[in-house]
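Reader: I am new to this structure and would like to go through it with you. Could you show it to me, please?

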Amino acid sequence: MKKLAIYFSIIIVLFGALYVINQQSAKAKNGKYANNVYGIAPDKLNPETVKQLDDPNYQNIILPADLDKKLNNKENFFLYYFASTCPHCKRTTPVLAPMAKEMGVDIKQFNLEEFKDGWDKYGIQFTPTLIYYKGGKEVERMEGGLAGAGEQGYSQDDYKQFLLKYKSQ
């Protein structure tokens with residue numbers, strides 16, 4: 001009977017040790033990004049999104065529930081739909097985000113790579129897409145990013161004019 005109790009105690013200690021090791025491993029895996037702007041464990045995020053977690057141009061993220069709340073509250077706001085894997089977004093965001101900050105315009109960012117149901121839910125066909133909402137309703141949108149060499153797209157001045165047009169509304 002004593003031997004059985006000893007074996008049982010050893011098994012319990014081993015399971016306890018495995019639990020502690022597993023918890024520490026999970027903490028190490030998630031590291032400094034455990035409490036990120038998405039509220040999603042880093043190992044569940046797209047690797048391209050993880051790369052943007054420290055980028056100052058991608059810090060104004062809005063989550064689906066918060067976006068729905070703004071729309072339902074009939075607020076006026078700018079929203080930038082992007083995908084962390086989109087090359088056009090990667091070219092546009094580093095220009096648009098600082099421009100908006102300099103102009104004192106708050107542009108919320110919605111990552112369609114992480115919240116894929118947003119494509120259909122919000123009627124997005126291309127990334128990036130910048131939309132101005134007034135009273136919770138879409139007023140105007142800019143679909144596509146900055147023009148690249150030999151590509152169609154918008155200029156920095158196009159974005160600036162769009163922001164100025166609705167900034168004070």
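Reader: To begin, where does glutamine 59 lie?
Author: Glutamine 59 lies in the loop between α2 (47-52) and α3. Helices (H or I, at least four residues) and strands (E, at least two) are DSSP runs, numbered from the N terminus. Residues are numbered from 1 along each chain as its sequence is written, and side-chain values use heavy atoms, with hydrogens and water left out. This is a predicted model, in which local features need pLDDT of at least 70 and side-chain atom pairs count only at pLDDT 80 or more, while totals for chains, interfaces and linings use all residues.

Reader: What does the side chain of glutamine 59 reach at 2.8 Å?
Author: That side chain reaches the backbone oxygen of leucine 53 at 2.8 Å. A polar atom of the side chain of glutamine 59 also lies 2.8 Å from the backbone oxygen of aspartate 55. A polar contact is a pair of N or O atoms within 3.5 Å; within protein, one must be able to donate a hydrogen and the other to accept it, and residues adjacent in sequence count only if both atoms are side-chain atoms.

Reader: And which residues does it touch, not counting those up to four places away in sequence?
Author: With those set aside, glutamine 59 touches Val37, Gln52, Leu53, Asp54 and Gln109. Contact means heavy atoms within 4.5 Å.

Reader: Let us move to the sheet. In what order do the strands come?
Author: The 4 strands form an open sheet in the order β2-β1-β3-β4, with mixed pairing. The edge strands are β2 and β4 (137-143), each pairing on one side only. Two strands pair if DSSP finds at least two bridges between them.

Reader: How many bridges join β1 to β3?
Author: There are 5 bridges between strand β1 and strand β3 (residues 129-134), and the two run antiparallel. Phenylalanine 77 has tyrosine 133 as its bridge partner in β3, and leucine 79 stands opposite isoleucine 131. β1 also pairs with strand β2 (residues 107-111), in the parallel sense, over 5 bridges. On that side, phenylalanine 78 stands opposite isoleucine 107.

Reader: Why is β1 described as largely enclosed?
Author: 6 of the 6 residues of strand β1 (residues 77-82) are buried, so the strand is largely enclosed by the rest of the structure. Phe77, Leu79 and Tyr81 point one way from β1, while Phe78, Tyr80 and Phe82 point the other way.

Reader: Now the helices. Which unit includes helix α4?
Author: β1, helix α4 (residues 87-103) and β2 make a right-handed β-α-β unit. A crossover is right-handed if, with the strands pointing away from the viewer, the path from the first strand over the helix to the second runs clockwise.

Technical notes
Buried < 20%, exposed > 50% of the residue type's maximum accessible area, 1.4 Å probe, protein only.
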